[in-house]
Amino acid sequence: MKSIQDCFELNNGVQIPCVGFGTYKAAQGNTADVIRTAIDAGYRYFDTASFYGTEPFLCEAMKDSGIPREDFFITSKVWKTEMGYEQTKKAFQATLERLGTDYLDLYLIHWPLPEPDYEDWKALDIETWRALEEFYKEGRVRAIGLSNFLPHHIENILQNCEVCPAVDQIEFHPGYSQEAALSYCQERGIQVQGWSPLGRMRVSKEPLMLEMAEKYKVTTAQICLRYALQRKVIPLPKSSSMERMKQNQELFGFEISAEDMYRLETLPQTGWSGEHPDRERVYFDK
């Protein structure tokens, strides 16, 4: 791959760009400015969700750009409180309206459980997935998938689906590679995407990351993103400045050695967000 526009192929043949732009908290001051800047920087793959509140700003930025809708790859997600067959249908229609489009490129179930102690999550996930399958069969979405699903959650879908999930979007970065979920998905042809691919300040200050940044003459952020690509994971970085946006695209002029990849893969847990679908949120300092 030579640029962020190069693609992986999903299990249904859809081409998906190898790097996306995450829009969570990207509408600073409730404007579309950050997303406009990302488009100017060259991003065409944007990841949003009903929960993020950024769908209207992404719509505005795309329209302002003058770039045809088909040149963008747009992902959104159904939130925890919108799950269930009928509610998901309403949520999907509302997302299309906020985005000003009649189709999505990818639609995901945002979390497998509304709450960690939710007992009947298996039935709820199957109901929600049935709605996503309808959207897919109707041609209203080009691919469907999951977010924050771990192997035991995905098994429930695979045992009760007509359309196999194309994607699972999980937290992924050095220090939190989620090896069990990654290998499970890759063995089954499910493309993994990484949210929070840069980790947090704890990752950027990690001595191993600083050592590798110096060795490869790049930033720690570029090490994180290149690490994802070499694991065949689509990173979804976010940034508010043009300089950082451009930096986050400069991933194709170096390759992390096999030995260094092993060192990154075995880095002790660091930079975890505290989010886990089966547990209450844990809060850390940055």
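In this predicted model, helix 4 (residues 121–137) packs against helix 5 (residues 151–158) at an angle of about 55°. The two axes lie 9 Å apart. Angles from 65 to 115 degrees count as roughly perpendicular, and those under 35 degrees as roughly parallel. Helix 4 and helix 5 are therefore oblique to each other. Their crossing is right-handed. Helix 4 contributes W121, K122, D125, I126 and W129 to the contact. Helix 5 contributes H152, H153, N156 and I157. By residue class, the contact of helix 4 with helix 5 comprises 4 nonpolar, 3 polar and 2 charged residues.

Helix 1 (residues 33–40) and helix 2 (residues 55–65) pack at about 45°. Here the axes are 8 Å apart. Helix 1 and helix 2 are therefore oblique to each other. The crossing of this pair is right-handed. On the helix 1 side, the contact uses I35, R36 and I39. On the helix 2 side, it uses F57, L58, E60, A61, M62, D64 and S65. The residues of the contact of helix 1 with helix 2 divide into 6 nonpolar, 1 polar and 3 charged.

Attention then turned to the interior. In soluble globular proteins, nonpolar side chains tend to be buried together. In this model, the largest nonpolar core holds 84 residues. Y43, F46, Y107 and I223 have the most contacts inside this core. Helix 9 (residues 220–230) gives the most to the core, with 6 residues.

Not counting residues up to four places away in sequence, Y107 touches S76, K77, V78, T88, A91 and F92, among others.

Helix 9 is mostly covered. Of its 11 residues, 10 are buried. These are T220, A221, Q222, I223, C224, L225, R226, Y227, A228 and L229. Just after helix 9, K232 adopts a positive phi of about 65°.

Conventions
Residues are numbered from 1 along each chain as its sequence is written. This is a predicted model: local features need pLDDT of at least 70, side-chain atom pairs count only at pLDDT 80 or more; totals for chains, interfaces and linings use all residues. Side-chain values use heavy atoms; hydrogens and water are left out. Axes are lines fitted to C-alpha atoms, for helices over the stretch in contact, and angles run from 0 to 180 degrees between N-to-C directions. Helices (H or I, at least four residues) and strands (E, at least two) are DSSP runs, numbered from the N terminus. Angles under 35 degrees count as roughly parallel, over 145 as roughly antiparallel, 65 to 115 as roughly perpendicular and the rest as oblique. A crossing is left-handed if the near helix is turned anticlockwise from the far one by less than a right angle, and right-handed if clockwise. Contact means heavy atoms within 4.5 Å. Ala, Val, Leu, Ile, Met, Phe, Trp, Tyr, Cys and Pro count as nonpolar, Asp, Glu, Lys and Arg as charged, and the others, Gly among them, as polar. A nonpolar core is a set of buried Ala, Val, Leu, Ile, Met, Phe, Trp, Tyr and Cys residues joined through side-chain atoms within 4.5 Å. Buried means under 20% relative accessible area, exposed over 50%, partly exposed in between (1.4 Å probe, protein chains only).
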